[in-house]
Amino acid sequence: MFGLFTRAQLKGKVLLQRRNVLDLNHSSGAPLSHDTWDEFTTKGVTCQLISSTVADQNDASRGLVGEEERVEHWVMHLPPITHSDTTYDVTFDWDVKKQGLPGAVIVRNYHATQFLLKTITIDHVPGHHGPIVFIANSWVYNTDKYHYDRVFFTNDTCLPSNMPVLLQPYREEELQILRGDHPKQKNDRAYQDHDRVYRYDLYNDLGDPDNKSPRPTLGGPDSPYPYPRRGRTGRKPMKSDPTCESRNVVPVLQQFYVPRDECFNHVKKADFTSYLLKAISTGILPLARELLDTAVPREFDDFQDMYKLYEGGIKIPDVPVMDLMFKVFPPLKSICPSGGSYLLKMPMPEVIKNDKLAWRTDEEFAREMLAGLNPHIITRLQEFPPTSKLDGYGDQTSNIKVEHIQPYLGKLTVDKAIADGRLFILDHHDNFIPQLLKINSLENTFVYATRTLLILQDDDTLKPIAIELSRPRLDEIGTKVVGSDSKVYTPPSSAGCESDSKVQDTIWQLAKAYAAVNDSAWHGLISHWLHTHAVIEPFIIATNRQLSVTHPIYKLLQPHYRDTMMINALARQVLISAGGFFEMTVCPGEYALRISSDVYKNWNFTEQALPVDLIKRGVAKHDSTSPCGVSLLIKDYPYAVDGLAVWSAIENWADEYVKIYYPSDNMVQDDAELQAWWKEVREVGHGDIKDQPWWPKMATVQELVRSCATIIWIASALHAAVNFGQYSYAGYLPNRPTVSRRPMPEPGTEEYQEVETNPDMAFIHTITSQLQSIIGVSVIEVLSNHSSDEVYLGQRDEPQWTSDDRAKKVFDKFSKSLIDIEKSIISRNKDENLKNRNGPAQFPYMLLYPNTSDIDGESATGITAKGIPNSISI
């Protein structure tokens with residue numbers, strides 16, 4: 001008879017991750033305690049179900065809210081030394097017949113310390129097929145930190161029009177909170193760890209005017225430098241210039257705001273990396289500079305001396321400076337050897353691992369334009385001589401003549417070679433001429449604007465046949481650029497005496513180095529930073545502000561945003577900031593971001609889609625019989641071949657997924673959240689170019705599909721292609737120098753005499769210095785690492801990301817297609833007829849190998865130059 005009084009109950013499992021005792025991520029949180037005292041003196045952690053079908057008696061617009069139910073057995077689990085997931089029980093007094101189906105849950109944390117709530121799962125719900133899963137993946141702080149309830153929805157996918165009406169107020173309120181628009185939120189102060197606000201700001205945090213290192217603000221209607229927006233951090237203004245935001249970085253402590261759910265998790269190697277980079281930038285570098293400048297030579301002695309970085313390191317003198325470094329940063333003692341031993345022994349870069357001289361060959365130089373770090377810059381030459389699009393700089397037409405290149409064309413004329421699609425160009429002339437005078441005013445810097453012409457040979461390899469080095473020519477009073485002074489270099493002839501041949505060979509190597517300096521700078525500044533990191537951040541902010549977590553497009557795009565805001569914030573602190581690593585080691589120096597602003601003016605979102613990019617560069621033509629609608633002029637173009645396969649898989653996945661929820665164009669147009677998202681991306685996030693005619697109107701299903709596919713491509717495959725090969729190709733700086741320090745040696749000068757007597761030193765004295773090399777290589781070693789918790793394209797870190805079996809089915813299809821692509825890439829790399837796949841360096845192209853099949857991610861962890869992570873996370 002006692003059973004007559006049994007209350008209906010639902011049993012749930014709460015999966016979460018408690019903050020551990022070694023957590024260095026955030027310094028401003030409450031002191032870590034056992035939480036035991038809190039368990040006995042407070043309500044602990046509680047959950048309240050919200051009905052999706054039965055209204056609250058006191059507010060008919062909202063779902064009925066159940067009683068607060070305490071998460072059980074908290075005290076049975078000690079706080080972890082390292083992060084790990086823990087499952088707790090929770091029992092809800094809930095009668096589905098009377099209270100309806102739960103559609104959301106309120107979670108309150110009465111403990112002093114925060115935890116990462118992952119999921120809450122309720123099994124055996126009457127009238128419901130399968131478990132009800134509430135997706136969170138969010139840090140929950142003490143309830144006093146919030147002026148609102150933390151509400152989490154089930155993993156159902158809902159457009160605004162089909163959201164249960166009783167949950168709609170919660171959906172709208174959550175978006176209000178994330179926008180910082182909730183009436184109870186405080187926005188008149190610096191944001192704190194627990195704040196969950198996504199707002200926009202200008203790039204006004206790159207300079208340090210208080211220490212006489214100002215930089216212009218990028219972005220905004222009053223700035224001459226258009227730029228994408230970044231996430232607002234709400235830090236204090238600079239004293240000397242209140243329009244600039246302070247950086248105030250201290251080693252170990254993260255002193256800038258990024259929404260906590262966007263921060264690195266505990267596994268990510270960048271946690272330690274960020275600490276180390278900040279330590280280097282604020283303390284170690286000045287000391288290291290003193291050590292290297294006084295204890296060891298400023299230049300490498302020869303190429304063998306460079307190899308010591310990888311084969312044995314640089315011997316550390318037993319000097320007091322090192323003891324001082326250890327005192328300032330004690331953690332260094334565990335990773336830095338003591339005096340008399342060796343420092344800076346680095347992994348051997350792939351480009352010299354099998355053949356130390358392969359990088360010198362013309363074949364490898366050209367191959368890397370198709371399968372290297374910057375493989376999407378080369379274009380088909382369509383007019384001769386090459387012309388300039390610059391306005392206001394006089395005549396910048398190339399001085400490359402027919403007689404320079406005809407010897408390398410065989411029976412072809414120049415016109416015939418152009419008509420047949422056999423001539424290509426790596427053209428950085430217009431990219432550098434406008435800022436070249438300023439760049440060359442920097443200490444130990446002399447850079448040319450370069451054009452490199454190449455011929456496509458019968459075996460589908462490219463051969464460089466002319467390199468033009470140009471610098472601005474000024475008018476008679478030296479105030480205005482009226483043209484350029486250029487000189488053209490061609491490959492050395494085998495004819496002539498041996499000494500002349502060696503000199504010409506060195507001059508040609510130097511010409512290639514000057515071209516590589518341009519390309520290296522463009523790669524780091526534009527291809528990598530601007531065209532992936534910077535342009536994607538506005539999409540991340542807008543998605544979180546305008547699309548509910550239950551929205552199908554949020555669920556599609558969210559995996560491709562992981563860690564990006566965090567890595568971008570770190571980049572603004574130590575990489576692209578005044579005096580940061582980029583300024584120290586790459587030739588544009590302090591003018592780098594101004595160049596990127598000029599480039600951003602002409603950035604076109606629709607041209608980021610790979611087929612469109614290939615057509616624009618003239619390296620492909622329209623072909624309706626091809627899966628991607630294009631066919632390549634260079635059949636053995638590893639980046640394009642692999643990239644088109646990956647692009648096709650991404651677009652097919654986006655197409656099938658989007659059409660589940662948007663069967664008609666009208667549904668796209670009528671989706672208020674979607675339209676608000678796209679409007680904000682265009683008018684706010686990319687507001688400086690909002691009036692460009694190329695912006696999709698977001699009025700059709702096809703526009704939505706292509707836009708989503710392009711976002712996914714930028715965040716995953718494009719970033720992988722330009723990031724994860726950095727150390728493998730550029731870890732050996734002679735292959736990818738980032739700075740040139742003096743002009744091309746001319747006959748009769750001391751520099752030319754050095755070319756004649758000691759050609760290796762002539763090369764070394766021209767390119768990146770020893771200190772710049774050590775710093776630069778150390779940084780790109782960090783940036784080239786895949787973390788051990790990487791989530792790759794075609795994988796999801798949350799298996800219950802949706803309850804929709806239709807979506808799961810098409811995602812599984814996407815994953816399988818990527819695994820098939822992996823097999824194709826392996827097969828192509830084994831094909832000896834495809835010479836660009838491995839090249840003279842014997843280094844197979846794997847940067848667009850998805851790595852979807854590697855469930856644990858182990859095969860790509862570290863510096864492996866393979867694998868496509870879902871997001872820009874490093």
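Q: How do the residues of the lining of the second largest cavity divide into nonpolar, polar and charged?
A: Keep in mind that this is a predicted model. For that cavity, the lining has 10 nonpolar, 3 polar and 5 charged residues.

Q: What's the volume of the second largest cavity?
A: The second largest cavity comes to about 210 Å³. It is lined by 18 residues, and the closest to its centre are Phe365, Lys512, Ala516, Asn735 and Arg736.

Q: And which helix gives the most to that lining?
A: That's α14, with 6 residues. Both α9 (362-371) and α14 supply at least two residues there.

Q: OK, switching topic. How many cavities of 30 Å³ or more does the structure hold?
A: There are 10 of them. The largest cavity has about 490 Å³ of space.

Q: Which residues are closest to the centre of the largest one?
A: Those are Gly524, Phe582, Gln726, Ile780 and Leu783, out of 29 residues in the lining.

Q: Which helix gives the most there?
A: For the largest cavity it's α27, with 8 residues. Helices that each supply at least two lining residues include α14 (498-546), α16 (564-574) and α27 (770-783). The others are α17 (581-585) and α24 (726-730).

Terms used. Residues numbered from 1 in each chain as written. Predicted model: local features only at pLDDT ≥ 70, side-chain atom pairs only at ≥ 80, totals over all residues. Heavy atoms only, no water. 1 Å grid on protein atoms, 1.4 Å probe; cavity = no way out; pocket = protein on both sides within 12 Å on 5 of 7 lines; lining within 4 Å. Points joined across faces, edges and corners; volume = space filled by probe spheres on them. Helix = DSSP H or I, 4+ residues; strand = E, 2+ residues; numbered from the N terminus. Nonpolar A, V, L, I, M, F, W, Y, C, P; charged D, E, K, R; others polar.
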